[in-house]
Amino acid sequence: MSKREQLLNAAMELLVDQGNMAFSMNALARHAGASKETLYRHFGNKQGLFEAIVTENADQAGLTADYFSAHPNNPAGFLTAFGEALLTFLMSPQSIVINRIVIAEAASNPELALILEKHGRQRVALSVGAQFSRYLEQSLVSSEATQSLNYFLGLLLQDSQIKVLDGSIPPLTKPDISARAEHAAALYLKLFAC
């Protein structure tokens, strides 16, 4: 594991264990057994660190994986697999803390939301959208389907992510996630399958 990966892991541990209020580059340096100079050399500043954390978490969650190859003629399988990966990620302690940070810092540091959008959501949407468009080429989904993946996300997420973030419900369980992904895929394809 590289020094950068070790620092990112230490940063996530610290954020999950102590939250954003206790997080600083000094605290991370102590927790990681590194110097502040090492942190600044790898990430530039706290925003650079946050950008790296968001990107790394999206990659580790497999959200930009090749779902099409596993389901070349099966858009329902594709959507279910992606939906399970996305919900599993969004229910993880790492994702919950990242999203809570963005919400807590929205007024004073709106750049964090832009980082999350660019390095998390947009990266994932581009990857998944490009893969899903291959079903259009096979005439398995309508042309509107590739333009409307946000409808799938709405069916999948409902308001669960908000409720988990505000603490009104616990994170969904694996069986709940699987059932939700399968149901959302079926409903979405009723609207957009050929």
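Student: Which helix gives the most to the lining of the second largest pocket?
Tutor: In this predicted model, the second largest pocket has a volume of about 160 Å³. Its lining includes K46, Q47, L49, F50 and I53, and the greatest contribution to that lining, 5 residues, is made by helix 4.

Student: What volume does the largest pocket have?
Tutor: The largest pocket has 30 residues in its lining, and those nearest its centre are R121, Q122, V124, A125 and L153. By class, this lining holds 17 nonpolar, 11 polar and 2 charged residues. The volume of the largest pocket is about 630 Å³.

Student: Which helix gives the most to the lining of the largest pocket?
Tutor: Several helices take part, with helix 4 (46-60), helix 6, helix 7 (93-104), helix 8, helix 9 (143-147) and helix 10 (149-157) each supplying at least two residues of the lining of the largest pocket. With 10 residues, the one that gives the most to this lining is helix 8.

Student: How are helix 4 and helix 8 oriented, roughly parallel or roughly antiparallel?
Tutor: Two packed helices are described by the angle between their axes and by the distance between those axes. For helix 4 and helix 8, the axes come within 9 Å and cross at roughly 25°. Because angles under 35 degrees count as roughly parallel, the orientation of helix 4 to helix 8 is roughly parallel.

Student: How many charged residues are there in the contact of helix 4 with helix 8?
Tutor: The crossing of these two helices is right-handed, and on the helix 4 side the contact is made by Q47, F50, E51, V54, T55, A58 and D59, which meet E111, L112, I115, L116, H119, G120 and R123 in helix 8. When the residues of this contact are divided by class, 6 are nonpolar and 4 are polar, while the number of charged residues is 4.

Student: How are helix 6 and helix 8 oriented to each other, roughly parallel or roughly antiparallel?
Tutor: Helix 6 (residues 75-90) and helix 8 (residues 111-137) pack with their axes 10 Å apart, at an angle of about 165°. Since an angle over 145 degrees counts as roughly antiparallel, helix 6 and helix 8 are roughly antiparallel.

Student: Which residues in helix 8 does helix 6 meet?
Tutor: Helix 6 passes helix 8 in a right-handed crossing. The residues of their contact divide into 8 nonpolar, 1 polar and no charged. On the side of helix 6 the contact is made by P75, F78, L79 and F82, and the residues that these meet in helix 8 are V124, V128, Q131, F132 and Y135.

Student: How many polar residues does the contact of helix 1 with helix 7 have?
Tutor: In this contact, M12, L15 and V16 in helix 1 meet P93, Q94, V97, I98 and I101 in helix 7. By class, the contact has 7 nonpolar and no charged residues, and the number of polar residues is 1.

Student: How many helices does the protein have?
Tutor: Its C-alpha atoms fill a box of roughly 55 × 35 × 30 Å along the principal axes. The secondary structure has 0 strands, and the number of helices is 12.

Note on methods:
Residues numbered from 1 in each chain as written. Predicted model: local features only at pLDDT ≥ 70, side-chain atom pairs only at ≥ 80, totals over all residues. Heavy atoms only, no water. Axes fitted to C-alpha atoms, helices over the stretch in contact; angles between N-to-C directions. Helix = DSSP H or I, 4+ residues; strand = E, 2+ residues; numbered from the N terminus. Parallel < 35°, antiparallel > 145°, perpendicular 65-115°, else oblique. Left-handed = near helix turned anticlockwise from the far one by under 90°. Contact = heavy atoms within 4.5 Å. Nonpolar A, V, L, I, M, F, W, Y, C, P; charged D, E, K, R; others polar. 1 Å grid on protein atoms, 1.4 Å probe; cavity = no way out; pocket = protein on both sides within 12 Å on 5 of 7 lines; lining within 4 Å. Points joined across faces, edges and corners; volume = space filled by probe spheres on them.
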